[in-house]
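These are my notebook entries on a single protein chain. I set down what I looked up, entry by entry.

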Amino acid sequence: MTTINPPSTQIVTVKPEYLTEILLLNENAIPHVNKVSREFFQTQLGSAPYFRAILSEGNVKAFLLGMSETASYQSLNFLWFQKRYPKFVYVDRIVVDEKFHRGGLGSALYADFKKLAKLKDCPMACEVNIHPPNPISIRFHQSFGFKEVGQQDTQNGEKRVSLMLKNIDD
C-alpha cells in the first residue's frame, strides 16, 4: 500500500467489494469515460496488470484501470496504440470523485501507475476526449508529460479523442 496525503488515504489493489463504488464513480464520470458493466470490472480484477483505487476512510475516491499491450481488449483507442506501439501500458480509465478533483488523487494514481511502466520499460498511453470536451483532463495529462500522438473519432463520430503518450524518461 502507498500512503498519500492525508494520512488516512491509501492506494490499494481493487478488491471485489470495491466494485459497487467503482461502478458508481464510473457512471458519474460519463461522458468523459464510457459506460461499462460490473462484469467488465469483475473481469479486470483477474486480468489487468493495474487496477488500483484510492481509499479514504474506507471508501473509494478514485481509481485507475491500466492494461498492457498484450491485453485482449477491443476498445478502438486501445487497438490504435496496439497497432502502432510494440510495448506500452494503457490507461483505460482514471476516475476521481468530483468532490476530490484537484486534490492530487489523479496525480498519485499516475505516479503509482508509472512504476509499472518503468518496470516494463515502456511508455504510458491514454486518450482524452476532445469532443465532448474534457479540458480538465487534457490539462492534467499535459501537465503530467503526456503528448498527443494522434486523434480519432469513435462512437460513429459522437466522440473525438486525443491519443496521448508519455515516455517514462520524460
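**Entry 1: Backbone angles in a loop**

I began with Gln155, which counts as partly exposed because its relative accessibility is 40%. The model I consulted is a predicted one. I located Gln155 in the loop between β7 and β8. I then looked up its phi, which is positive at about 50 degrees although Gln155 is not a glycine. Asn156 is found in the loop between β7 and β8 as well. Asn156 has a positive phi of about 55 degrees, and it is not a glycine either. With a relative accessibility of 84%, Asn156 counts as exposed. I noted these angles because most residues other than glycine have a negative phi.

**Entry 2: Cis peptide bonds**

One joins Ile30 and Pro31, with omega at about 15 degrees. Pro31 sits in the loop between α1 and α2. Another cis bond joins His131 and Pro132, where omega is about -5 degrees. Pro132 belongs to the loop between β6 and α5. I recorded these bonds because most peptide bonds are trans.

**Entry 3: The sides of two helices**

Which residues of helix α1 are buried? In this helix, residues 19–28, I found Leu19, Ile22, Leu23, Leu25 and Asn26 to be buried. They cover an arc of only 160 degrees around the axis, so they lie on the same side of α1. The face turned away from that buried side carries the exposed residues Thr20, Leu24 and Asn28. I also looked up what covers the buried residues of α1, and the list includes α2 (38–47), β3, β4 and β5 (89–96).

I then turned to α2, where Phe40, Phe41 and Gln44 are buried. Their arc around the axis is only 95 degrees, which puts them on the same side of α2. Exposed residues on the face turned away from the buried side are Glu39, Thr43 and Gly46. The cover over the buried residues of α2 includes α1, β3, β4 and β5.

**Entry 4: Aromatic pairs**

How many aromatic pairs does a search of the whole structure find? The search finds 18. One of them is formed by Phe51 and Phe63, an edge-to-face pair with 6.3 Å from centre to centre and 65 degrees between the planes. Phe51 lies in strand β3 (residues 50–56) and Phe63 in strand β4 (residues 59–68), so this pair ties together parts that are twelve residues apart in sequence. Both Phe51 and Phe63 are buried.

Tyr110 is in helix α4 (residues 105–120) and Phe146 in the loop between α5 (135–143) and β7 (147–154), so the pair ties together parts 36 residues apart in sequence. Both Tyr110 and Phe146 are buried.

Ring pairs also link a cluster, whose members include Phe40, Phe41, Phe51, Phe63, Tyr73 and Trp80.

**Entry 5: Two residues and their surroundings**

Is Met67 buried or exposed? Met67 is buried, because its relative accessible area is 2% and the cut-off for buried is under 20%. This residue lies in strand β4. Leaving aside neighbours within four places in sequence, I found Met67 in contact with Phe40, Gln44, Pro49, Tyr73, Phe88, Val89, Tyr90 and Asp92. Gln44 is 23 residues from Met67 along the chain, and their C-alpha atoms are separated by 9.0 Å.

Lys87 is in the loop between α3 and β5. At 37% relative accessibility, Lys87 counts as partly exposed. Not counting residues up to four places away in sequence, Lys87 touches Glu69, Lys120, Asp121, Cys122 and Pro123. The C-alpha atoms of Lys87 and Lys120 are separated by 8.4 Å, although the two are 33 residues apart along the chain.

**Entry 6: The largest pocket**

The elements giving two or more residues to the lining are α1, α3 (76–84), β5, α4, β6 (124–131), α5 and β8 (159–166). Which element gives the most? It is β5, with seven residues. By kind, the lining divides into 21 nonpolar, 16 polar and nine charged residues.

Conventions. Residues are numbered from 1 along each chain as its sequence is written. This is a predicted model: local features need pLDDT of at least 70, side-chain atom pairs count only at pLDDT 80 or more; totals for chains, interfaces and linings use all residues. Side-chain values use heavy atoms; hydrogens and water are left out. Rings of Phe, Tyr and Trp (its six-membered ring) pair if their centres lie within 6.5 Å; planes under 30 degrees apart count as stacked, over 60 as edge-to-face and the rest as tilted. Helices (H or I, at least four residues) and strands (E, at least two) are DSSP runs, numbered from the N terminus. Buried means under 20% relative accessible area, exposed over 50%, partly exposed in between (1.4 Å probe, protein chains only). Contact means heavy atoms within 4.5 Å. The arc is that of the directions from the helix axis to the C-beta atoms. Ala, Val, Leu, Ile, Met, Phe, Trp, Tyr, Cys and Pro count as nonpolar, Asp, Glu, Lys and Arg as charged, and the others, Gly among them, as polar.
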